[in-house]
Structure formats: structure tokens, C-alpha cells
Amino acid sequence: MRYLFISDLHLEAKRPDITRAFLRLLETRAAQFDALYILGDFFEVWLGDDTIDELGREVADALARLTKHGTKVYLMHGNRDFLLGSRFCRAANCTLLKDPTTVELNGERVLLMHGDSLCTDDLGYMRMRRWLRNPVSRFVLRNLSQGTRHKLGRKLRDESQARTQMKSADITDVNLGAVAHTMRANGVLTLIHGHTHRPAIHDLMIDGQPAKRIVLGDWDKAGWALEVDENGKRLESFPLS
């Protein structure tokens, strides 16, 4: 079977080039695969399914059309779109995955994550992540007025970008100890994640066995996708236009 993985598209109205590239991917390449996995930060910001706009509806409709061709679609929360919910998933005919999730790909157990939970050296971010992912916090956020949520979303995004620019690359990348611990705890030798915007295939050793950590790329200057089939795993970039 053939699987396609993407993450960190950060879809927003201000970047129609990324939206066009994604819709083109769905209409052409993705239809050739048995499943499409989107591992978080699909949207630049998502303030709740009740705030869905024209872009959200267009994307949901396009995903639903893809599934009619037989390609299954799986979606995982990222740190920018953790309020994506069941209403969007019904419209898109996709399945929402927990983070982390273990799947079997052509007989191999593979761990899927967004990746932000592995950045344990960034203590400030980890504190904020625990608060935002708390079920009580999410309930409160979903029940704020849409205007308040929009203001809060802009504030969190601006602060996140400012903090990231001030921090060293080592702090905002994954902690390799956390990677090894998580892979060991889930009994896998392959991990696929996004979030860090550092696309690469890293060779590791887990308890004396060769392992791989595959980092998906963010869609900014180019698009990124990982293909998995019986012949192996290929991480590729491609132009947005």
C-alpha cells in the first residue's frame, strides 16, 4: 500500500499560493495513494469549528472529494490548530488522530506525532502547551466569543513568533533523549513528525537497533511530502507554483 504524509502547511488566506499547491496535490498526486496523513499545523490558526471561513470550507470540500476516490484522510492536531474538531472532520470526511498514534505501514509499526511535545528543552513553550491542551482550557476557549478568540489567536501567534526568533535553534528543536524515550515506550523504530520545520531523515540507534526519525517540512518556499510504499520512504520537496 502507498501512504502520503504532509504537515505544517499553515494554511491561511494571506498565502493563497500554499492553498493552491495543496488543492493541486489533492487533485493529482494524493489520489494515487491509499491514505493521506496530515500531521498538524494544517492551518495557521483554527479558533474552533464554529468559526470556519471560506478557506476552511474549500479545504474540507476538497478533502471530502479525495476520499470519494478511495483515499483515506487522517488529521492530527498541531500547536496552531488544536481546536480542530468533529464538525470539520465530518465535513472533510477525515479521521482525527491522537498525538501520538502508532500505525502499521506495510507491516512496520510507525509512530506518528506532530512533534512539539518532543521539544522539551523549550520550557516556556512546554508550559504553554500543557495549558492549551488541557481539556478544561479547550472547553473555556471554545466557549469564548468569536471576537475574543480572534484577538487571543492573534496574540498567541505574534508572541510565539517573537519567542521563536529570540531562542536558539537547539532549544526549539526536539530533545534527542525525549525522541529515544518516546520511540522506546511505543515499541517503534520509525518516527514521523513535523513541527520543527527542519525536514530530514535522521538515522538513530534505539537499544542497539537501527532506527529512523523522519521530519516533514513546512510549506513556505516549497512544499514537502513523504511517500511510503513497499519500496521504502522518500522525503521530497516540490515547487508551490
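**Entry 1: a hairpin and its neighbour**

I looked up strand β5 (residues 101-105) and found that β5 pairs with β6 in the antiparallel sense over five bridges. For strands and helices I used DSSP runs numbered from the N terminus: E of at least two residues for strands, H or I of at least four for helices. Two strands count as paired if DSSP finds at least two bridges between them. V103 has V110 in β6 as its bridge partner. The two strands make a hairpin with two residues between them, and N106 in the turn has a positive phi of about 50 degrees.

Next I followed β6 to its other partner listed here, strand β7 (residues 190-193), where the pairing is parallel, over two bridges. L111 finds its bridge partner in L191 of β7.

Before going on, I noted that this is a predicted model, in which local features need pLDDT of at least 70 and side-chain atom pairs count only at pLDDT 80 or more, while totals for chains, interfaces and linings use all residues. Residues are numbered from 1 along each chain as its sequence is written, and side-chain values use heavy atoms, with hydrogens and water left out.

**Entry 2: the six-stranded sheet**

In what order do the strands of the open sheet run? I read β4-β3-β2-β1-β10-β11, six strands with mixed pairing. The edges are β4 (95-97) and β11 (232-238), each of which pairs on one side only. Neighbouring strands are turned by 20 degrees against each other on average, direction ignored; the angles come from axes fitted as lines to C-alpha atoms, on a scale from 0 to 180 degrees between N-to-C directions.

I then picked out β1 and β10 (residues 223-229), which pair in the antiparallel sense over three bridges. There, L4 has E227 of β10 as its bridge partner.

**Entry 3: the cores**

I searched for nonpolar cores, meaning sets of buried Ala, Val, Leu, Ile, Met, Phe, Trp, Tyr and Cys residues joined through side-chain atoms within 4.5 Å. Buried is under 20% relative accessible area, exposed is over 50%, and partly exposed is in between, with a 1.4 Å probe and protein chains only. The largest core has 38 residues, and those with the most contacts inside it are F22, F42, L63, F88 and W219. Elements that each supply at least two of its residues include β1 (3-6), α1 (16-27), β2 (35-39) and α2 (54-68), along with β3 (72-76) and α3 (86-92). A second, separate core of 18 residues includes A35, Y37, L39 and V228.

What does F88 touch, leaving aside its neighbours within four places in sequence? Among its contacts (heavy atoms within 4.5 Å) I found F42, F43, W46, I52, L63 and L75.

**Entry 4: C94**

C94 sits in the loop between α3 and β4. Is C94 buried or exposed? At a relative accessible area of 10%, C94 is buried. Setting aside neighbours within four places in sequence, its contacts are V73, L75 and C89. K72 is 22 residues away along the chain, yet the C-alpha atoms of K72 and C94 are separated by 7.1 Å.

**Entry 5: helix α4**

In α4 (residues 123-133) I found Y125, M126, R129, L132 and R133 buried. They lie on the same side of α4, because they cover an arc of only 130 degrees around the axis, taken from the directions from the helix axis to the C-beta atoms. L123, R127 and R130 are exposed on the other side.

**Entry 6: salt bridges**

How many salt bridges does the whole structure hold? The search gave 15, counting a side-chain nitrogen of Lys or Arg within 4 Å of a carboxyl oxygen of Asp or Glu.

- E44 and R80 form one, with the closest N and O atoms 2.6 Å apart. E44 is in the loop between β2 and α2 and R80 in the loop between β3 and α3, so the pair ties together parts 36 residues apart in sequence. Both residues are buried.
- E108 and K233 meet at 2.9 Å, N to O. This pair links β6 (residues 108-112) with β11, 125 residues apart. E108 is partly exposed at 27% relative accessibility, and K233 is partly exposed at 28%.
- D220 and K221 form another, at 3.9 Å between the closest N and O atoms. D220 is partly exposed at 32%, whereas K221 is exposed at 77%.

Last, I noted a network of salt bridges that links R2, R29, E227, D229, R234 and E236.
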